[in-house]
Amino acid sequence: MRCAVCSRQARGFGWFNPNLSRSDPRRRESYRKFCSLRCQGAYSNLMKKTGGRMIDPTEMEIAAMTDCLAPLGDYVAALGLQTPLAEYSRDQVLGLIEVVVTAYQDRMVDGHEQAAGVPF
Ligand SMILES: [Zn+2]
């Protein structure tokens, strides 16, 4: 199972909507898992702020993707702008993926924290 905030592997941190009774099937559907206390806190704070209503994740995801452009550009520039992607070594491609995925995950956590308005 993946973290509901950053998509890393979930590890023992969870959340459910406490405003729903135990017999309400929506309570089980609201259950989310997280990779860390930070992601759990960010999501929990956002749910408190919005009253358990999820904001449109598309806008946050687009912002996170946009924020990947600068680190992606820096990485490609460090390898040499004239080098075609087809000539990247396996390690260079893996490095590129790591830069983009890490930037995306960090931005998603930041986005949840900012939307909640409460630093964790
Ligand atoms: Zn996470």
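This is a predicted model: local features need pLDDT of at least 70, side-chain atom pairs count only at pLDDT 80 or more; totals for chains, interfaces and linings use all residues.
Before we start, one definition.

Two helices contribute to the lining: α1, residues 25-29, and α2 each supply at least two residues.

Now the metal site. A zinc ion is held by four cysteines: Cys3, Cys6, Cys35 and Cys39. Each one coordinates through its SG atom, at 2.3 to 2.4 Å. What is the arrangement of the four donor atoms around the zinc ion? The angles they subtend run from 102 to 117°, so the arrangement is tetrahedral. Along the chain, the donors follow the spacing C-x2-C-x28-C-x3-C. Look at Cys6 and Cys35 in particular. This pair links distant parts of the chain, 29 residues apart. Cys6 sits in the segment before β1, which covers 13-15. Cys35 sits in the loop between β2, 32-34, and α2, 37-50. Are these two cysteines buried or exposed? Both Cys6 and Cys35 are buried.

On to the aromatic residues. The structure holds two aromatic pairs. Take Trp15 and Tyr43 to begin with. Their ring centres are 5.3 Å apart and the planes stand at 75°, so this pair is edge-to-face. Trp15 belongs to strand β1 and Tyr43 to helix α2, so the pair ties together parts that are 28 residues apart in sequence. Trp15 has a relative accessible area of 13%, so it is buried. Tyr43 is at 4% relative accessibility, and therefore also counts as buried.

The other pair is Phe34 with Tyr43. This one is tilted, with 5.2 Å from centre to centre and 45° between the planes. Phe34 and Tyr43 are both buried.

Next, Ser7. It is found in the segment before β1. Ser7 is not a glycine, yet its phi is positive, about 75°. Its relative accessibility is 41%, so Ser7 counts as partly exposed.

Two contrasts between sequence and space to finish. Where does Met1 lie? Met1 is in the segment before β1. Its relative accessible area is 62%, so Met1 is exposed. Met1 and Arg32 are 31 residues apart along the chain, but their C-alpha atoms are separated by 9.5 Å.

Then Gly51. It has its place in the loop between α2 and α3, which spans 57-66. At 54% relative accessibility, Gly51 counts as exposed. How many residues separate Gly51 and Asn17 in sequence? They are 34 residues apart, while in space the distance is 9.3 Å, C-alpha to C-alpha.

How values were computed
Residues are numbered from 1 along each chain as its sequence is written. Side-chain values use heavy atoms; hydrogens and water are left out. Donors are N, O and S atoms within 2.8 Å of the metal (3.2 Å for Na, K and Ca); water is not among the atoms, so sites may look incomplete. Four donors count as tetrahedral if all angles lie between 85 and 135 degrees; four count as square planar and six as octahedral if opposite donors are over 155 degrees apart and all others between 65 and 115; anything else is irregular. Helices (H or I, at least four residues) and strands (E, at least two) are DSSP runs, numbered from the N terminus. Buried means under 20% relative accessible area, exposed over 50%, partly exposed in between (1.4 Å probe, protein chains only). Rings of Phe, Tyr and Trp (its six-membered ring) pair if their centres lie within 6.5 Å; planes under 30 degrees apart count as stacked, over 60 as edge-to-face and the rest as tilted.
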